[in-house]
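Please keep the sequence and the structure in view while reading.

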Amino acid sequence: MAITVDTPHDLLNQVGQDLGTTEWLVVDQDRIDGFAQVTGDHQWIHVDPVRAKEGPFGTTIAHGYLTLSLVNLFLPQLLRIQSFASGVNVGLDQVRFIAPVRMGSRLRGQGQILAVKEVKGGAIQSVVRMTVEIDGQEKPACVADTISRYFP
């Protein structure tokens with residue numbers, strides 16, 4: 001269930017808020033292959049199931065940047081802002097790839113609002129820590145602090 005606020009300014013009162021978790025998403029070989037097509041990263045550990053079976057993980061693994069890109073899918077599932085003219089991704093801080101995502105793994109996003117401030121032009125900037133969890137594993141796949149800016 002997403003946290004919903006009426007305006008970006010309402011985020012100013014949400015610092016420290018735990019946003020909960022998303023539904024699980026299966027990372028299958030089609031998703032991995034599609035990411036390889038888009039990025040040109042066809043390293044065998046991602047796209048060659050036969051060779052990867054003999055590799056260090058026993059199967060193919062998702063690209064780290066594929067895992068990171070899922071943050072863009074998960075964040076709007078956790079935080080909804082109703083009224084603003086436009087929003088942009090400003091960047092990321094503290095990105096870490098902690099555990100590999102084996103093909104067939106189930107992932108979900110977990111979020112927490114770390115900071116919110118008003119910036120030039122009346123925009124609101126938020127920092128949300130997104131943790132990409134792997135079903136059945138203690139260590140997450142990825143942790144990244146996302147920076148978003150919302151314009152009135």
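## Aromatic pairs

In this predicted model, the structure holds two aromatic pairs. One of them is formed by Tyr-65 and Phe-97, whose rings lie 5.8 Å centre to centre with 85° between the planes, an edge-to-face arrangement. This pair links distant parts of the chain, since Tyr-65 belongs to helix α4 (residues 64–69) and Phe-97 to strand β5 (residues 86–97), 32 residues apart. Tyr-65 counts as exposed, at 58% relative accessibility, whereas Phe-97 is partly exposed, with a relative accessible area of 42%.

The rings of Phe-84 and Tyr-150 also make a pair, with centres 5.2 Å apart and planes at 75°, so this pair is edge-to-face. Here too distant parts of the chain are linked: Phe-84 sits in the loop between β4 (79–81) and β5, while Tyr-150 lies in strand β8 (residues 142–151), 66 residues apart. Phe-84 is partly exposed, its relative accessible area being 34%, but Tyr-150 counts as buried because its relative accessibility is 11%, and buried means under 20%.

## The chain as a whole

The secondary structure comprises five helices and eight strands, which follow one another along the sequence in the pattern β-β-β-α-α-α-α-α-β-β-β-β-β. The C-alpha trace spans about 55 × 30 × 25 Å along its principal axes. Of the contacts with a separation of 6 or more, 70% are between residues 24 or more positions apart.

Of the 152 residues of the chain, 41% count as buried. The chain exposes about 8,300 Å², of which carbon and sulfur atoms supply 49%.

Definitions and conventions:
Residues are numbered from 1 along each chain as its sequence is written. This is a predicted model: local features need pLDDT of at least 70, side-chain atom pairs count only at pLDDT 80 or more; totals for chains, interfaces and linings use all residues. Side-chain values use heavy atoms; hydrogens and water are left out. Helices (H or I, at least four residues) and strands (E, at least two) are DSSP runs, numbered from the N terminus. Buried means under 20% relative accessible area, exposed over 50%, partly exposed in between (1.4 Å probe, protein chains only). Contact means heavy atoms within 4.5 Å. Accessible areas come from the Shrake-Rupley method with a 1.4 Å probe; for residues, only the protein chains shown count as cover. Rings of Phe, Tyr and Trp (its six-membered ring) pair if their centres lie within 6.5 Å; planes under 30 degrees apart count as stacked, over 60 as edge-to-face and the rest as tilted.
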